[in-house]
Amino acid sequence: MITPWLISLFTVIAVYFLDRWENKHIKSLFDWVPAILLAYVIPALISLILNADFSQGTIHNYSKDFFIPLAIIAVMSSLSLGQLKSIGWKPIVLFVSGSLIIATLPVLLIVGFSETNLITDTLVQEGYWKGIPPIVGSWIGGSTSQLVLKELVECPENIFLSVLVMDTVLVNIWTILMFQCIKKSRYLNTLFKISDIALPETIRTEERKVLSPIWCGCLMLIFVVLCNWLFSLFVVKIVVLSVLGLLLGNVLPSWNFRFALRAGGVLILVVMAILGLKLQIKTLGFDTQFLGFLVVWLLGHFVFMMGLSKALNLNMAWVPIASMANVGGIATAPAVTAAYNKKWMPHAIVLAILSMATGTFWGMLTIFLLEFLVQ
């Protein structure tokens, strides 16, 4: 008998190895269809073929109680606060301000266009406003934050899939645009009369003995079990585990950052594969007005960062780097950075990890503001 556990296991193994297969056709597929989206859709397709409904299975309780919390603590423990000092305060201010705009601009747009059909029909009546926090999580924090915020705002599965598809298209197009933008940064520096174009301080990595993956995994699991025992509210667990993860990564001198980051990536696939069991393909919709809303939102984020970079007299190359650290992630941010200066790639990675660590909290702010407006 095919169970939801078997479907999820098959999906995670298939997507994990496909994503690492050195085949040009497979690589080109994952350039446009990220692993996270494939992991979400495959279980839904299997459920459709089997004509089965796994949306009420106990597997979803395990996901919310264990897999999502483990992903949170793993991602948070992968952030080294010491490495942030090497980047400098100006790029960090630019990055954090970009995150703030992503979290608050959709709320400002809703206020500004409150009487239009986009707001009254699409966002309110059709419930697309619940798709905004997962996008904030995706753009700032990545897949882990996206999943947590989906649960917090209780985004319907059909809207969530529509959001995933639109988000994938936009991020791929945005990555191409940022590649072009960073190549023009020297021209932009001249145009905006930017004088601070010095290289940032080199990020130093020390060779040290680290905890074994088994010990790291056991520590994270113990904290998750304790949180489940002490706290009942999901949002409280997420906040507590985020703080604990940050402490693990920055108090324990032997913490295994590489394992934590990889474990977080695998756990994200697990959570998405389980979440895909709730999706009903037949209910999928696509709203062009909402897509236009996302485009304006993303462009507003970029224009604001350009203006702030000018005000800070900061190298315009940091704008696409900070934007990709926010919107893209740990893979695309250093790739875009390499098109300008490969020596800056470690700085882009650190910013992307900072993005992963803070995305959930920015999304919580968005949820608070949206619920105040919409409900």
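Helix α18 contributes the most to the lining of the largest cavity, with 6 residues. Helices here are DSSP runs of H or I, at least four residues long, strands are runs of E of at least two, and both are numbered from the N terminus. A cavity is a set of points, on a 1 Å grid over the protein atoms alone, where a 1.4 Å probe fits but cannot get out, and its lining residues have an atom within 4 Å of a point.

Before going on, the conditions. This is a predicted model, in which local features need pLDDT of at least 70 and side-chain atom pairs count only at pLDDT 80 or more, while totals for chains, interfaces and linings use all residues. Residues are numbered from 1 along each chain as its sequence is written, and side-chain values use heavy atoms, with hydrogens and water left out.

Back to the cavity. The count is 1 cavity of 30 Å³ or more, and the largest holds about 50 Å³ of space. Volume means the space filled by probe spheres set on the grid points, which are joined across faces, edges and corners. The elements giving two or more residues to that lining are α4, α9 (143-153) and α18 (345-374). Among the lining residues are I72, V75 and M76, then T144 and S145, then S242, and also M356 and F361. By type, the lining has 6 nonpolar residues, 6 polar and no charged. Nonpolar covers Ala, Val, Leu, Ile, Met, Phe, Trp, Tyr, Cys and Pro; charged covers Asp, Glu, Lys and Arg; the others, Gly among them, are polar.

Next, charge pairs. How many salt bridges does a search of the whole structure find? The search gives 2, where a salt bridge is a side-chain nitrogen of Lys or Arg within 4 Å of a carboxyl oxygen of Asp or Glu. One joins K237 and D65, at 3.7 Å from N to O. That pair links distant parts of the chain: K237 sits in helix α13 (residues 234-251) and D65 in helix α4 (residues 59-76), 172 residues apart. K237 is buried at 7% relative accessible area, whereas D65 is partly exposed at 29%. Buried means under 20% relative accessible area, exposed over 50%, and partly exposed in between, with a 1.4 Å probe and protein chains only. K150 and E157 also form a salt bridge, their closest N and O atoms being 2.8 Å apart. K150 is buried, at 3%, and E157 counts as buried too, at 14%.

Helix α4 also holds S63, which is buried at 6% relative accessible area. Leaving out residues up to four places away in sequence, S63 touches I68, P69, V271 and I274, a contact being heavy atoms within 4.5 Å.

In α8 (residues 132-141), 10 of 10 residues are buried, including W139. Just after α8, G142 takes a positive phi of about 95°. In α16 (residues 318-327), 10 of 10 residues are likewise buried, W318 and N326 among them.

Finally, the totals. The protein has 18 helices and 0 strands, and 50% of its 375 residues count as buried. Of the contacts between residues at least 6 apart in sequence, 84% join residues at least 24 apart.

Conventions: On a 1 Å grid over the protein atoms alone, a cavity is a set of points where a 1.4 Å probe fits but cannot get out, and a pocket is an open set with protein on both sides within 12 Å along at least five of seven lines; lining residues have an atom within 4 Å of a point.
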